[in-house]
Amino acid sequence: MSLKPFLEYLNLEKNYSKHTVLAYEKDVTSFFIFLENNYGERDPVKVAYAQIRAWIISLVDAGLSSQSVNRKVSSLKSYYKFLLKTGDILVSPLVKHKSLKVSKRVQIPFSEKEVAVVLEELRESQDFTSLRDLLIVELLYGTGMRRAELISLTIGSVDLSQKILKVKGKRDKERFIPLLPGVITTLERYMVERAQVARSGNSEPLLVTLKGLKVYSTLVYRIINRYFSEASDKFKTSPHILRHSFATHLLNQGADLNVVKELLGHASLASTQVYTHNSIKALKDVYSKAHPRTKK
């Protein structure tokens, strides 16, 4: 059994990233290792759902979360969809499969006050590193972009004359996000300092280290965690929580859900709706305080 045609399909036709393709390969390979070890079977065409179900049970017994199991099965389902597409099979063994139920974990956003405390602290310092960290926080909170999108920004991504930022999202889908005045001010200050440590040019990374190298994922995480763990008592203080805060605070202020969807780069409205629980809570608080019948 060779996964090469499937992986080429994901890479060339679906335009998935190398990281995503590798994840699919690992998931599908793990199933066929299980299949061969337990059933002596190597032909994907001969697989029955009962064998897939046994694999799922083994994953659960191994302690994997429902979310992780669903991801692995989703990879396998994509593989069988590919075999349907190529005509190798007529019916997928996963055609009637139902995903495991996943308990929804509510991610608590930072409060507006907590964000303000971090921004105020960073603005007190004038050195390059603090200025870069300030820009990272302002970009994540001011645009709602993902960590990977932030890291991939280049100097050419910024159009100060139009006051917009070009962001390359999942599957290289581009979107334009307006820049807030405060972010523009920080960007202009940062670019002056950046010129002292890194090369210029539209294709050069926007955010760099003191050595002039492109910032990386764990560094961005450490920066956000460092400042927000001091300003907040939230259990989770990651870059994604800033994205979550961006969406929640916009919705709290009455922003249209469709507008927030476009800013976040979501493909469907359902993805954006996960951010509405906090805005609904805020709406209830305002309602309970303001309505004349509340205390009667």
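Modeller: A nonpolar core here is a set of buried Ala, Val, Leu, Ile, Met, Phe, Trp, Tyr and Cys residues joined through side-chain atoms within 4.5 Å. The model is predicted. Its largest nonpolar core has 46 residues. Within that core, Leu 139, Leu 150 and Leu 207 touch the most other members.

At least two residues each come from H5, H6, helix H7 (147–151), strand E2 (164–168), helix H8 (181–194), helix H9 (217–231), helix H10 (239–252) and helix H11 (257–264). H6 gives the largest share, eight residues.

Take Leu 150. Beyond its neighbours within four places in sequence, Leu 150 contacts Ile 136, Leu 139, Leu 140, Met 145, Leu 207 and Val 220. Another core, of 27 residues, lies apart from the largest one. Its members include Leu 3, Val 47, Leu 76 and Tyr 79.

Now the helix pair. Helix H5 covers residues 112–123 and helix H6 residues 128–143. Their axes are 9 Å apart, and they pack at an angle of about 155°. Angles over 145 degrees count as roughly antiparallel. H5 and H6 are therefore roughly antiparallel to each other. Their crossing is left-handed.

Which residues of H5 and H6 meet? From H5 come Glu 112, Val 115, Val 118, Leu 119, Leu 122 and Arg 123. From H6 come Ser 130, Asp 133, Leu 134, Val 137, Glu 138 and Tyr 141. By type, the residues of this contact are seven nonpolar, one polar and four charged.

H11, one of the core's contributors, also holds Lys 261. Buried means under 20% relative accessible area. Lys 261 has 13% relative accessibility, so it counts as buried. Leaving aside neighbours within four places in sequence, Lys 261 is in contact with His 266, Ala 267, Ser 268, Leu 269 and Thr 272.

Lys 163 sits in the loop between strand E1 (158–159) and E2. Lys 163 is not a glycine, yet its phi is positive, about 60°. Its relative accessible area is 49%, so Lys 163 is partly exposed. Asn 15 is in the loop between helix H1 (4–13) and helix H2 (18–39). The phi of Asn 15 is positive too, near 60°, in a residue other than glycine. With a relative accessible area of 36%, Asn 15 is partly exposed.

Technical notes
Residues numbered from 1 in each chain as written. Predicted model: local features only at pLDDT ≥ 70, side-chain atom pairs only at ≥ 80, totals over all residues. Heavy atoms only, no water. Axes fitted to C-alpha atoms, helices over the stretch in contact; angles between N-to-C directions. Helix = DSSP H or I, 4+ residues; strand = E, 2+ residues; numbered from the N terminus. Parallel < 35°, antiparallel > 145°, perpendicular 65-115°, else oblique. Left-handed = near helix turned anticlockwise from the far one by under 90°. Contact = heavy atoms within 4.5 Å. Nonpolar A, V, L, I, M, F, W, Y, C, P; charged D, E, K, R; others polar. Buried < 20%, exposed > 50% of the residue type's maximum accessible area, 1.4 Å probe, protein only.
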